[in-house]
Structures are given as C-alpha cells and as structure tokens.
Amino acid sequence: MAGKHARRSAGFTILETLIIIAIIAIVLGFAAPFIQRILRRERLRSSVREVYSIVLAARMQAAKRNTQTIVWFDLANHRVLAWPDNLPYNYVKDAGEIAFANYQVPKYIYFRFAPNGSAVDSATAVAFDTYNGNPALADMIVFRGDGTLLPPGSVSSAAPARPGTYTANVTNGSVNCNAGGRARGVYMSDQPTTNDVNDRNTFRISVDDFGSTGKCSLLKWLPTSEGGNAGEFNYVPGPWKWAN
C-alpha cells in the first residue's frame, strides 16, 4: 500500500493531466481576445509615443537653432520625417538640410481620421494643411524659430475649442473637433478585425490646443462606454482625454 501511495503522489495521472490541459485551453480561449486587444493598444501606444517625441524634438530644435523646423507625414511611404528648413524657407527638404528624425511607421499602425473614420492612411488624418497660401503644402507641422506653431491655413486645420462641460473622465479639458469637420491634429489608430468603433484604439497628437505657444499634447479617444462629455460637440461619440 505504501508503494502505491508513493507512486500516486509522485505525479498526475493521464486523466488529471488531460483535465488540466482542457481547463488551461478554456481559460486561454476566453482570455485571448482581451490579450490581443492589450497588445494592439500597446503597439499603437509605442508608435504614437515615437511620433510624439519627434514632434517635441522638432519644437526644441526650432528654438535651439532659431530656424523654422518641419515635421512631415509622408503618408505614401508611411514615415515621419523632420528637418530644419533653412533660409530661404520653402517647406521642402533640400539637399543641404539634414533630417534629425526619419521614422518608419509600422504597417499595423494607421493614420485614420478619428475612430469612426472610413479613410485609412488618408491625408484627412493629418490636419496640418496649407502654408504660405499653398494648399499643396500639407500634412506637415511647422514650428517657427521661437518654438511656436506656424498656424496652418486650411479651415479644417483650425485650432480646436474647449468643450462647454467636463465629466469625471475628462477632468482637465477635452477638445471640440468641429472646425470644418476636423481640427488640428494627427490621428493614429490600430486596425481591429471588427468594425466596432468601441474596440478601436485611437490617439491624437495636437499642437496649440487652446493657445498659441506651440505646446504639444497627446490625447486618447474614449469610447462611449468609458464616459461621454455633454459639452463636447464632436464628430464621434465620446471625448478625447489627455494622455500626457
């Protein structure tokens, strides 16, 4: 009897092992969508932070060099390029102008105009358009030599407004993006397998929200399930919450 008990306690039986494997499989089956969503969000967050750091660096370089500095969103090649625009300013990277940032945006990250935007990798997702009266000068953030933003001229690239009221989730201000249907910002999103807007992660990089100092900000879109904002007149249900 003692020998049998020793052999029994030394390990699991085949049946017990199969039951444990089945339980693990069931748990993983339920957890897989949640884990995938977290991974999507964190991959997006990492890429957005990289682009946001380029925008911040461009503002710093502009003030440091006392020269106009440009961040260009090259949507065709899915990259972000930043360089000092030496005199005479022409908003184009010339041969003698060395880029201090050249970031290849991962293919699984998209420039999407707001969470419900149908256009993926569209110019509408980068609302910094029209400089020097030229509509062709688009998809770029331009900082002056003192670090302030050179305001884009497009109506759809106007500065956002403050919402009328706030919620517990948006305690320090959201943004109204009702200027021409868009408002000044860069919208980056993941691409879930479903069309559920609430399952889509979207971030917004802004410059000069409610001011004219060139200050940059990063916001995260909140779906309706995470709380609305009664004073916000926006193109999507749900507010933008400060992420920085």
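Modeller: What follows starts with the whole chain, then turns to the sheet, and ends with the helix and its salt bridges.

This is a predicted model, in which local features need pLDDT of at least 70 and side-chain atom pairs count only at pLDDT 80 or more, while totals for chains, interfaces and linings use all residues. Residues are numbered from 1 along each chain as its sequence is written, and side-chain values use heavy atoms, with hydrogens and water left out.

The protein has two helices and nine strands, where helices (H or I, at least four residues) and strands (E, at least two) are DSSP runs numbered from the N terminus.

Four strands make up the open sheet, in the order 3-2-1-5 and with antiparallel pairing; two strands count as paired if DSSP finds at least two bridges between them. Strand 3 (101-104) and strand 5 (140-143) are the edges, each with a single partner strand, so one side of each has no neighbour in the sheet. On average, neighbouring strands of this sheet are turned by 10° against each other, direction ignored, the axes being lines fitted to C-alpha atoms, for helices over the stretch in contact, with angles from 0 to 180 degrees between N-to-C directions.

Seven bridges hold the antiparallel pair of strand 1 (residues 68-74) and strand 2 (residues 79-85), and Thr-69 is found opposite Pro-84 in strand 2. The side chains of Asp-74 and Arg-79 also meet in a salt bridge (2.8 Å, N to O), a term that requires a side-chain nitrogen of Lys or Arg within 4 Å of a carboxyl oxygen of Asp or Glu. Asp-74 is buried, at 5% relative accessible area, whereas Arg-79 is partly exposed, at 22%.

Strand 2 is joined to strand 3 by four bridges, and these two strands also run antiparallel; here Leu-81 has Asn-102 as its bridge partner in strand 3. In a regular strand the side chains alternate between the two faces of the sheet. In strand 3, Ala-101 and Tyr-103 belong to the covered face, while Asn-102 and Gln-104 belong to the uncovered one.

Five salt bridges are found in the whole structure. In one of them the side chains of Arg-40 and Asp-190 meet at 2.6 Å, N to O, and this pair links helix 2 with the loop between strand 6 (186-189) and strand 7 (202-207), across 150 residues. Both Arg-40 and Asp-190 are buried. By contrast, Glu-42 and Arg-41, whose side chains meet in a salt bridge (3.1 Å, N to O), are partly exposed, Glu-42 at 34% relative accessibility and Arg-41 at 28%. Arg-41, Glu-42 and Arg-45 are linked in a network of salt bridges.

Conventions. Buried means under 20% relative accessible area, exposed over 50%, partly exposed in between (1.4 Å probe, protein chains only).
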